[in-house]
Amino acid sequence: MSNNPEFLRKMLETKSILRVGGAFDSMSAKLVETHGFDAIWAGSFAISATHALPDASILTMTEFLGVASNMVESCKIPVIADCDTGFGGPSNVSHAVKKYEKSGIAAISIEDKTFPKQNSLLENGRHELISEKDFVSKLIAAKEAKQDQNFMIIARTEALIANLGMKEAIKRARAYEEAGADAILIHSKKSTPDEIFEFAESWGGNLPLVVVPTSYPTVKLDELVSHKIKIVIYANQTLRAAHAAMSRLLSQIIESESVTQTKEDLSSLEDIFHLQEMYKIKKQEKIIEENLKKMGYIN
Ligand code: SPV
Ligand code: MG
């Protein structure tokens, strides 16, 4: 098994940066894998969107976990699960850590917003933080709950999202490291990576840094590497690409009263058969047939 927490830790040691692709179901997770990403992000925004629900702590832990564990079953690379605010207080975090770890997920992220949270990139969203002490309590609970020390607890601070300033972001990140987090996710809604880079230069901690460049998408991998970022999450582009492609196709069918989409616009049935391993069934049928022949049931 290479999707376990140990493998994620090994990659962190050996690679300059890990590229993590956002997914919202097993198909998108498998595409992330086959296109050469190091790990899969089971993000709350994309998973909520596939249920046509807001990214606002609406789905339950069990529902998020169901999607993430389906990804684990279908993929060989590690799954990093977005656990929002940890589904409640320290005891909820503790329960979530046990459940997620048992399901083969390699890492979870929890953030220091109030519950129910709203998506970080929502204009005029309610971006309020719980106290540092209360979030440290959740991190202590998470650390105590994990069985495999390689399982990673990513502590995400929303201090910059909440406009609380660099000093507060750094103070919190340091406290989260001391509380036993395994990585720090520093999120930003700015259109350039400058504040992320400033954070990375000045926070002074030892944990790997994680970023989600949704609002500054043109940042180059080598720029991130040179600013000591260890994990980059392309959180929602697969969802948005799928939404755009489906919307284009559906309006085209309605407008032209037939399917005029070209081979380039649509994956072939063959592509999908390959993804769902349809040919494994064919192989299985052959084996059953050979055995039935041997046993004299058929000629
Ligand atoms: C997600 O993908 O669910 C995230 C990143 O948490 S963001 O949407 O920017 O909050
Ligand atoms: Mg999220």
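Okay, let's start with R156: this arginine is buried, at a relative accessible area of 7%. Buried here means under 20% relative accessible area, exposed means over 50%, and partly exposed is in between, using a 1.4 Å probe and protein chains only.

Quick housekeeping. This is a predicted model, so local features need pLDDT of at least 70 and side-chain atom pairs count only at pLDDT 80 or more, while totals for chains, interfaces and linings use all residues. Residues are numbered from 1 along each chain as its sequence is written, chains are lettered from A and ligands numbered from 1 in the order in which they are written, and side-chain values use heavy atoms, with hydrogens and water left out.

Back to R156, then. You'll find R156 in strand 5, residues 152-157; strands (E, at least two residues) and helices (H or I, at least four) are DSSP runs, numbered from the N terminus. Which side chains make polar contacts with R156? There's S120 at 2.9 Å, and E111 at 3.5 Å. A polar contact is a pair of N or O atoms within 3.5 Å; within protein, one must be able to donate a hydrogen and the other to accept it, and residues adjacent in sequence count only if both atoms are side-chain atoms. Setting aside neighbours within four places in sequence, R156 also has contacts (heavy atoms within 4.5 Å) with residues including W41, D82, F135 and H187.

Now the ligand. For S120, a polar side-chain atom lies 3.4 Å from an oxygen of the ligand. How much of ligand 1's accessible area does the protein cover? That's 99% of the 280 Å² the ligand has on its own, by the Shrake-Rupley method with a 1.4 Å probe.

On to the metal. The magnesium ion, ligand 2, is coordinated by S44 through OG and D82 through OD, at 2.0 to 2.2 Å. Donors are N, O and S atoms within 2.8 Å of the metal (3.2 Å for Na, K and Ca), and water is not among the atoms, so the site may look incomplete. S44 is in helix 3 (residues 44-50) and D82 is in strand 3 (residues 79-82), so the pair ties together parts that are 38 residues apart in sequence. Both S44 and D82 are buried.

D84 isn't a glycine, yet has a positive phi of about 45°. D84 is in the loop between strand 3 and helix 5 (90-102), and is buried at 3% relative accessibility. K228, also not a glycine, has a positive phi of about 65°, in the loop between helix 9 (221-226) and strand 8 (229-234). And F115 and P116 are joined by a cis peptide bond, omega about -5°; P116 is in the loop between strand 4 (107-111) and helix 6 (132-145).

K228 brings me to E201. Leaving out residues up to four places away in sequence, E201 touches H227 and K228. E201 and H227 are 26 residues apart along the chain, with 6.9 Å between their C-alpha atoms. E201 is in helix 8 (residues 194-202) and is partly exposed, at 48%.
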